[in-house]
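User: I would like to learn how to read a structure of this kind. Please take me through some of its features one at a time.

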Amino acid sequence: MNTIPFARLTLVEWRKQLDTRSGRWLLISIALLIAAVLAVMAFIGDVATTFPALFFGTSTPLSILLPVVGILAATSEWSQRTGLITFTLEPRRTRVGLAKLTSALGSGVVFFALAVGLAAAFHVAVVAFTDAGFAWDLPAGALWGGLLLTVLWMAQGVAFGALIQNSAGAIVAFFGLPVALALFGPMVPALRDAMPWIDLSTATEPVMYDAAALTGNQWAHLGTAITIWVLLPLVLGLVRVARSEIKSA
Amino acid sequence: MITADHLTRRYGDLTAVGNVSFEAHPGLVTGFLGPNGAGKSTTMRMLCGLTPVTSGIAHVLGKPFRELANPGRQVGVLLDAAAQHPGRTGREALAVSAMLMGLPRRRVDDVIDLVGLTPKEANRRVKGYSLGMRQRLGIANALLGEPEVLILDEPANGLDPAGIRWMRDLLRDFARSGGTVLLSSHLLHEVEKVADEIVVIGHGRIVAQGTTRDLVSQSGMDLEDLFLQLTSGVARDLPRPAPAGPAAAVPAGPSSARPTRENAR
């Protein structure tokens with residue numbers, strides 16, 4: 001008998017993100033929130049109606065809500081106890097973890113495309129309904145930089161979920177730890193100089209505006225911050241998933 | 001065929017399961033009997049690769065569970081009927097498993113029908129299921145891949161008398177057609193009625209194993225008295241089953257009085 005193909009595992013994990021009411025509503029509310037932010041920017045706010053401005057405006061709701069999809073994809077096996085079934089149907093747990101990662105990245109890419117599409121649609125609407133002219137001029141580096149960030153957030157979400165294996169704990173750690181570092185890092189002399197290398201939010205900021213314009217130094221900062229906040233938790237999380245005991249309670 | 005070979009699981013100083021060895025053979029229902037906390041569930045999780053063993057090895061169909069290519073097609077597992085996502089419908093939960101195993105969609109309808117869930121019940125969210133319905137859903141999930149082996153932890157819990165009768169017939173038929181069944185229970189009389197062989201576990205150790213008939217006849221007690229005596233740890237001075245007989249206490253190997261129909265498959 002053949003092993004379960006990885007593509008099938010990934011599709012199953014994707015289905016599991018979508019087939020519960022809570023999962024569907026999370027995704028729907030992300031889409032609605034992006035649309036709401038764009039609507040406010042386009043028709044109620046008074047400055048930012050160019051396509052680049054609208055596009056950058058979508059990054060905040062994306063960065064806050066999308067990783068939760070990744071977190072919950074990983075933690076639901078424990079919080080909803082479905083791990084007993086999932087890991088008896090595919091005991092090679094690292095494959096399951098990687099399928100969760102792949103499907104979460106897939107969701108991230110879909111939502112990034114949706115955000116770009118909605119930003120474009122709202123820009124067209126602004127031009128149609130106001131006296132503003134078209135302003136499409138977005139650097140290509142901002143587009144693929146945004147895609148890169150989306151992928152990073154999803155991977156970080158899955159990583160924290162797999163490592164902490166508890167929904168509330170993983171969400172608190174995901175949002176709380178970077179804030180704690182940003183707050184206390186500059187106060188600690190030993191950390192102060194290292195902050196650009198270890199603070200993911202400052203390291204990713206230039207990527208958002210134009211990834212093509214990053215200097216070598218900025219890439220180095222990004223590399224170390226990603227290693228600390230994404231790669232390391234991901235590897236530790238996959239190891240924990242592979243080795244831990246799967247129990248019902 | 002299931003083989004547990006000196007399975008041991010320790011949590012710190014606590015030995016949850018110590019040196020447990022037994023076999024469950026094709027064509028037979030093997031009852032895994034013991035009071036709450038005796039180590040039944042831990043042993044079953046070790047058989048399925050969910051709980052790492054401290055020492056020993058478990059084989060299902062001749063392989064460690066983790067080496068089975070598509071385990072759902074070979075081994076049906078129900079470890080906790082409550083362990084389902086409450087937000088999924090019963091049908092969707094089965095559809096996810098069927099998709100993972102690579103089964104056609106109609107197999108989901110087949111098992112829903114087989115376990116006696118109505119289509120309407122199957123379309124409801126698991127959140128609203130009674131324990132009995134969850135057990136039926138769990139059995140459906142275990143039977144989905146048309147496995148050769150069933151590993152069921154307390155499958156009769158929450159079932160009404162008609163459900164228990166149905167379960168008994170189902171497991172007997174499954175074994176009669178050559179399948180291997182390992183079911184755990186603390187419901188002594190239920191196990192006595194359905195199991196061909198019994199493994200009794202108490203305080204993490206096997207205290208007796210053999211055919212159901214021999215266990216009862218050799219001890220001269222009914223199964224309940226025997227069970228309480230073997231697993232209580234209090235009445236140690238009561239007569240124990242003859243050590244050399246088919247119902248030998250640990251560390252006996254597989255029963256010598258094995259029925260001849262074991263090689264049906």
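User: What should I know about the model before I start?

Analyst: This is a predicted model, in which local features need pLDDT of at least 70, side-chain atom pairs count only at pLDDT 80 or more, and totals for chains, interfaces and linings use all residues. Residues are numbered from 1 along each chain as its sequence is written, while chains are lettered from A and ligands numbered from 1 in the order in which they are written.

User: How many helices and strands are in chain B?

Analyst: Helices (H or I, at least four residues) and strands (E, at least two) are DSSP runs, numbered from the N terminus. Chain B has 9 helices and 9 strands.

User: What share of chain B is buried?

Analyst: A residue is buried if 20 or more other C-beta atoms, placed from the backbone, lie within 10 Å of its own, exposed if 12 or fewer, and partly exposed in between. In chain B, 53% of the 265 residues count as buried. Helix H1 (residues 40–47) of chain B is mostly covered, with 8 of its 8 residues buried. Among them are Lys40(B), Arg45(B) and Leu47(B). Just after H1(B), Gly49(B) takes a positive phi of about 75°.

User: How many residues of chain A are in contact with chain B?

Analyst: Two residues are in contact if their C-beta atoms, placed from the backbone, lie within 7 Å. By that rule, 29 residues of chain A are in contact with 29 residues of chain B. On the chain A side, the elements giving two or more residues are helix H1 (6–18), helix H2 (21–44) and helix H5 (83–89). H5(A) gives the largest share, 5 residues. This side of chain A divides into 9 nonpolar, 9 polar and 11 charged residues. Here Ala, Val, Leu, Ile, Met, Phe, Trp, Tyr, Cys and Pro count as nonpolar, Asp, Glu, Lys and Arg as charged, and the others, Gly among them, as polar.

User: Which domains does chain B have?

Analyst: Domain bounds come from an automatic or database domain assignment. For chain B the assignment gives domain 1 (2–61 + 149–257) and domain 2 (85–147). Their contact takes 10 residues from domain 1 of chain B and 8 residues from domain 2 of chain B. On the domain 1 side, strand S6 (149–153) and helix H6 (161–176) of chain B each give two or more residues, and S6(B) gives the largest share, 3 residues.

User: At what angle do H4(A) and H6(A) pack?

Analyst: Two packed helices are described by the angle between their axes and the distance between the axes. Axes are lines fitted to C-alpha atoms, for helices over the stretch in contact, and angles run from 0 to 180 degrees between N-to-C directions. Helix H4 (residues 59–79) and helix H6 (residues 93–129) of chain A pack at about 155°, with their axes 10 Å apart. H4(A) and H6(A) are therefore roughly antiparallel (over 145 degrees). Residues of H4(A) that meet H6(A) include Leu62(A), Leu66(A) and Val69(A). The contact divides into 9 nonpolar, 4 polar and 1 charged.

User: Is Asp199(A) buried or exposed?

Analyst: Asp199(A) is buried, because 21 other C-beta atoms lie within 10 Å. Asp199(A) lies in the loop between helix H10 (195–198) and helix H11 (200–210) of chain A. Not counting residues up to four places away in sequence, Asp199(A) touches Leu181(A), Ala182(A), Gly185(A) and Ala225(A).

Methods
Angles under 35 degrees count as roughly parallel, over 145 as roughly antiparallel, 65 to 115 as roughly perpendicular and the rest as oblique.
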